[in-house]
Amino acid sequence: MTELVFVVKLSKFCNLRCAYCYEHRELHVRENMGLETLGRLFADVDGFGDYLQGIGAAPKFAFVWHGGEPLLLPRDYYERIAELQQKHIRNFAYRNSVQTNLHGGVKDSLRFVLDSDWELGVSIDFADGVRVNAGGRDSNASVIAAAEALHKSGMRFGAISVLGAHNRDTLADAYDWVSEFAQGWRILPVFEGGPEESMFRLYLPEEEVVRVFLDVFERRANSTKHIPIAPIDDYIKSAALKIAGQGSQVDVARDLLDNIYVVNVNGDVFTRPFAYGPGSCLGNIRRASMVAMVEGETYKSCQRAITQRKVLNCSHCEMLGFCDASPMHEHGTITADGRCAVPRRTMLEIEATLAAAGVDRSVIGDWAREWLARPNPSRTVS
């Protein structure tokens with residue numbers, strides 16, 4: 001089963017001014033995505049699913065509702081989203097998730113999300129002075145308190161943290177909190193796009209990002225509670241596959257259909273990691289189908305750029321055949337000189353750590369190798 005993900009920018013308006021936010025120029029804009037645009041998106045899903053089946057995929061879909069702060073939109077807006085999905089998407093499974101800062105007046109929309117069993121991701125960085133409101137007041141403590149109250153009420157959520165100079169020394173300790181209150185954790189190193197003056201002070205050299213990932217890896221290994229952490233779990237999988245000798249033949253020059261698309265407020269569609277890039281808009285969902293977009297020249301150009309990255313980075317990498325090359329699709333993975341830096345170094349460090357701890361092919365065992373060899377359904381499709 002292959003999951004196709006639409007990251008939908010419902011509105012750029014936000015009640016916070018995070019120092020690294022790549023949407024910082026539009027956080028004051030109250031315009032939201034029109035229901036007509038949403039209806040066009042949903043009406044296109046079954047046709048896109050049929051197309052994917054025709055090229056050998058078994059698709060399901062995910063909608064990640066994003067902003068700005070998406071839960072500042074009223075409850076009835078989300079009720080209409082659900083109605084439009086039920087009306088238009090008939091033949092394929094789908095799920096909804098919302099990424100929120102859990103700050104301020106989001107309770108009514110939040111209640112709909114929770115009552116509807118939509119997934120929830122809460123942005124928490126576990127550091128002061130970076131996630132502030134328009135008046136400069138820090139939100140870290142209040143968001144943590146709100147997340148703890150959410151957990152106490154029996155609701156489930158995942159945590160999302162942006163890694164930078166502000167929290168490099170606090171994230172490993174934060175694992176204890178995350179493992180108690182959240183179902184999982186995604187850690188995203190700061191990448192370009194935020195205000196230049198703040199990005200300069202928040203950006204971490206690659207060796208420091210690797211160190212933080214390894215600190216979190218070690219902290220979880222010594223914890224009594226284990227929760228999933230992205231992207232560290234992908235790096236562990238690649239390292240374990242290498243130890244187990246369970247490599248696969250990889251044609252890095254082969255074009256793969258990306259599985260994550262960003263839909264801007266006006267309906268413009270981009271493939272990651274080319275969101276908002278000049279000349280990288282695949283089309284507008286109000287005027288073109290996803291099939292037409294992925295068969296268009298702009299999409300093929302994006303594919304060629306990813307393929308070139310893979311040829312440059314993956315062809316001679318020690319992790320070739322063990323890593324699925326998905327880092328080539330991520331924001332901020334490639335350094336200015338064209339190298340895949342953090343993922344490769346983290347995988348090799350984890351491999352060395354596991355080997356030093358006595359982990360070998362016999363320890364991993366047949367059951368683990370069988371699991372590790374399964375393709376990740378949320379990656380790319382041919």
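The model is predicted, so local features need pLDDT of at least 70 and side-chain atom pairs pLDDT 80 or more, while totals for chains, interfaces and linings use all residues. Numbering starts from 1 along each chain as its sequence is written, and side-chain values use heavy atoms, with hydrogens and water left out.

Threonine 100 sits in strand β4 (residues 94-100), strands being DSSP E runs of at least two residues and helices H or I runs of at least four, numbered from the N terminus. With a relative accessibility of 1%, threonine 100 counts as buried (under 20% relative accessible area, 1.4 Å probe, protein chains only). Leaving aside residues up to four places away in sequence, threonine 100 touches Glu69, Leu71, Leu120, Gly121, Val122 and Ser123, contact meaning heavy atoms within 4.5 Å.

On to the helices. α1 (residues 35-43) packs on α3 (residues 75-88) at about 30°, axes 9 Å apart; axes are lines fitted to C-alpha atoms over the stretch in contact, and angles run from 0 to 180 degrees between N-to-C directions. That makes α1 roughly parallel to α3 (angles under 35 degrees). Leu35, Leu38, Gly39, Phe42 and Ala43 of α1 meet Tyr77, Arg80, Ile81, Leu84, Gln85 and His88 of α3.

Definitions and conventions: Angles under 35 degrees count as roughly parallel, over 145 as roughly antiparallel, 65 to 115 as roughly perpendicular and the rest as oblique. Buried means under 20% relative accessible area, exposed over 50%, partly exposed in between (1.4 Å probe, protein chains only).
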